[in-house]
Amino acid sequence: MTSLHLTKNLQESLQQSEESFRLLVESVQDYAIFMLNPDGYIVSWNIGAERIKGYHSEEIIGQHFSCFYPPEDIEQGKPQQELKVAQNCGRVEDEGWRLRKDGSRFWANVIITALRDNDGNLQGFAKVTRDMTERKMAEELRTSHFLVNSVLEGITDAVFVKDIQSQYLLINSAGANFIGKPVAEIIGKDDTKLVAPDSALKIIANDRQILSSGASLTYEETVTADNITRTYLTTKIPYRDEDGNTLGLLGISRDISEQQAALRERKRVEAEKAEILAREQAARKQADESLALLDTLLNSAPVGLAFFDRELRCLRMNEYIAGINGVALEQSIGRRMKEYLPEFADQVEALMCQVLETGEPIKNLEITGETKAGDRGEQHALANYYPVYAKDGEILGIGIAVSDITEIKRTEKTLRERTEALSERTQRLQLLSETTSELLSSEQPLALINNLFAKLQPLGLDVYFNYLVDEEKQMLRLASYSGISEELAKQIEWLELGQLVCGTVASKGCQQAIANIQQATDPNTEFIRSIGIQTYSCQPLRVQGQVKGTLSFGSRNRCSLTTEEIALLQTICDQIAIAIHRSELMASLQRQTEQLQQANRMKDEFLAIVSHELRSPLNAILGWSTILRKNSINDATKATAVETIERNARLQTQLIEDLLDVSRIITGKLKLNMQSLQIAAIVQAAIESVRPAADAKQIQLQSLVDPTVGTVRGDSGRLQQVIWNLLSNAVKFTHTGGRIQVRLDRVNSNVQVTVSDTGIGIEPEFLPFVFERFRQADATTTRAYGGLGLGLAIVSHIVKLHSGTVCVESPGKEQGATFIVNLPSETPVLFSARVPDGGVSFNSSDTFASLPTLVGLKVLVVDDEADTRDYQAMVLSANGAIVKAVASAAEALEVVRQWQPDVLLSDIGMPLEDGYSLIRKIRDLPPHSGGQIPAAALTAYAKDEERQQALSSGFQRHLSKPVEPSELVKVVASLTTKLLNT
């Protein structure tokens, strides 16, 4: 009974003890205490667990305790590992990050204890968790402060933090040195108590601008402190709390007093650095303000900053230096340089080891090489290595500050290269200027090529070849050269177009530059390859699209020429080509000047001749006309007077016709009426027309005309004009009793007319000018023969229009001359032919008796010149016509309406209203009022276009003044259907 009672008491005591323990566990708020079953599922939950983890008991009991672990621990199987250790060892203790219900993390101290019964069987686990976040943060904060201070003290620039009142909260030793006071005397003060008043006001004004705008600012400032004035490059940025409220500003200043002049020259580089600085000023927001401050300072610095521990692992690095390395931050942090940048590892790690061993910094060390930022090529950096000390003096690691000076170095290199290029260009421009000056001042530019070649010696040239185009042979001729023997030069003295390099360049008209000739296989390079040339450039001497020749240069020592040198050679050759063209133009201008002077003399001579040739017949006409007005002369004298007047009038007519023909030739208006002709008949007619003149001078006129030569295609009148002119000249220039021979033969496919005489002949120096207009062997006032010097020019042009040729031969003065005309034959041979009668005669002797009569024909004559009007009326009346003559178009129109004439003869050029207007008005009349009257234009306007205008205006015929009586009668008769034949 006693035993049972004791057992009962023990059980009650145990129950009370368990209840007390349960109450104790559940009431603990600073510890999370809960039980797990053997599989790790939660079976109990106290108030402390609810406070620390955020779960109520009803929502967590039954869950697996791994829900408190972050994903990375779950992936590593940490919850199961801890249970296993506790099961095997009885307990396990750990610290690490855990998760609350809301997903936030806290730093926890965890103890898991295995629970077993008296038999040692595992009943579950007791887990006790304590929130150690505040302690953890305090430790990290201390470490961060220590790192910040170590980095700040290792930086030679001034780094500082100010509150919103611009009072210093933090400043490093470099900043204190800039101000000239200890750090303790600076903290808590603004700049008005530390630097000169003017400097302080500017600094505070900038601070307020940054604090009010919320934007960072980089600028240069001049500060006077402790009677010393320095210039700083300063960057300031505002810093804020988690709610975005501005707490103050962060700043970093670099003393640039000694470098200010150099930095001004590198303004562009610094602008890029400022831009990089602006991009690196992204603040890292961390829960801990000190860590955020450190990251902001690192990433806002205008230099690359990094911190390595004693094992040379990278603990901190800003984006600036990561960009230089070309390696992302996450690939660098926690690793040695040999792992992420092996190209520089040996060199840089050796320097870091030196700093660790000596404790001495290494400053301003220039490093050059290529990093993994491959698109930037070779880079240049200015690096500083500083030991970072702990409070006890132990070296914790190495701080590195790196400035990227790649752009500065590239700028310096570019400036050097540009300076050298500018010097070369200056020399080339000077050479071009001198060459241009010499070429422009020389009348023989090709004579300067040797001198030019000497000036080009700095290019290392050994040979040159100057070829000129021979227009007759259409080949290249070697005009000058240097660098080869005379024997070799003779081998290449003449080149075909397209032969060798020079011939190819001349043919194509474009420059050809060849490098490494000794390895070339082109056959065109065989010669220059044989004389040891390594590089060669051949330039065309081209001006206005025409190649004058080539000028080429070669070197035996250089393998190639630069693009600039090739362009220089072409430019020089272009100048030479222009100079050659200029020289040719000057020579041509000189020739043209001489020709113009000669033409001017010829013009004066021609005008004198025209004046003489026109006045002489007029003198005879006027003289004999005066004599005829006297009744005292006998019939024989009257006949002589009339004959003389007629002869001189015909002479004037011929002179005017020659002038008109020349005008048509000059303007291209000489027209031909082409038809199939018996050339023998034309030659025979011309012979007969000059025979009276030849007989008068007792000249023997011999005709050797082959009537079987066939036909030619041409204009009958113009061809007879050719033969007549040649025969007339022969008669004129052959002495009395001389001989003229005319031959007509067939020579191959041509018909050949030869006129030979025994006359005065032609001097050799005048032979080339025989067929030129206005040319006469004797144009003096004492010349023995008259004429305008137009006949042979007209002959030459007419023959050319017939696709023929004309030439002259003469042994010399007083040895006669021979003119030969070749015309293409129309048919191979005519075996039987005869000379037809009725050839055109230039010695017209028509009389009124042989003309058709105009009896009863009403003719209206219109001309403002009374003499011409009376002359036409007299001729027509003498042939039986009824004539009315008026002086104006208005009178003529009235006569047409009232009188109804059968024929109208009208002048063209008249006062007030011309003949064109008259005929148009007449054609507008109805037929019964004279609208269809036949009409002829009789005018001194004799050009082809004037003839066409007359016909298109309404005239049926166009006659050029003067008109012989017989021609006038025939024209009137041909215009009317009332023609009466006698």
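This is a predicted model: local features need pLDDT of at least 70, side-chain atom pairs count only at pLDDT 80 or more; totals for chains, interfaces and linings use all residues.
Trainee: What is the relative accessible area of Gln-900?

Mentor: Gln-900 has a relative accessible area of 28%, so Gln-900 is partly exposed. Buried means under 20%, exposed over 50%, and partly exposed in between (1.4 Å probe, protein chains only).

Trainee: Where does Gln-900 sit?

Mentor: In the loop between helix 27 (889-899) and strand 30 (903-906). Helices (H or I, at least four residues) and strands (E, at least two) are DSSP runs, numbered from the N terminus. Gln-900 is not a glycine, yet its phi is positive, about 55°.

Trainee: And what is phi of Ser-166?

Mentor: Near 65°, again a positive value in a residue other than glycine. Ser-166 is in the loop between strand 5 (158-163) and strand 6 (168-171). At 3% relative accessibility, Ser-166 is buried.

Trainee: Switching to rings. How many aromatic pairs are there?

Mentor: The structure has 11 aromatic pairs. Rings of Phe, Tyr and Trp (its six-membered ring) pair if their centres lie within 6.5 Å; planes under 30 degrees apart are stacked, over 60 edge-to-face, the rest tilted.

Trainee: Why is the pair of Trp-97 and Trp-107 edge-to-face?

Mentor: Because their planes are at 85°, with the ring centres 5.1 Å apart. The pair links distant parts of the chain: Trp-97 is in strand 2 (residues 91-99) and Trp-107 in strand 3 (residues 105-116), 10 residues apart. Trp-97 is partly exposed at 31%, whereas Trp-107 is buried at 13%.

Trainee: What about Phe-160 and Tyr-168?

Mentor: That pair is edge-to-face, 5.9 Å centre to centre with 70° between the planes. Phe-160 is buried at 6% relative accessibility, and Tyr-168 is buried at 5%.

Trainee: Which residues do ring pairs link into a cluster?

Mentor: Phe-34, Trp-45, Tyr-55 and Phe-68. The charged end of Lys-53 sits over the ring of Phe-68, 4.0 Å from its centre. Lys-473 lies over the face of Trp-494, at 4.1 Å from the ring centre. The test is NZ of Lys or CZ of Arg within 6 Å of the ring centre and within 35 degrees of the ring normal.

Trainee: New topic. Which residues are closest to the centre of the second largest pocket?

Mentor: Arg-254, Asp-255, Ile-256, Gln-259 and Ser-403, out of 40 lining residues. A pocket, on a 1 Å grid over the protein atoms alone, is an open set of points where a 1.4 Å probe fits, with protein on both sides within 12 Å along at least five of seven lines; lining residues have an atom within 4 Å of a point.

Trainee: Which element gives the most to that lining?

Mentor: Helix 11, with six residues. Elements giving two or more include helix 11 (267-279), strand 9 (246-255), strand 14 (395-404) and helix 16 (406-441).

Trainee: Strand 14 again. Is Asp-404 buried or exposed?

Mentor: Asp-404 is buried, at 11% relative accessible area. Asp-404 lies in strand 14. Its side chain joins that of Thr-406 in a polar contact of 2.6 Å. Such a contact is a pair of N or O atoms within 3.5 Å; within protein, one must be able to donate a hydrogen and the other to accept it, and residues adjacent in sequence count only if both atoms are side-chain atoms.

Technical notes:
Residues are numbered from 1 along each chain as its sequence is written. Side-chain values use heavy atoms; hydrogens and water are left out.
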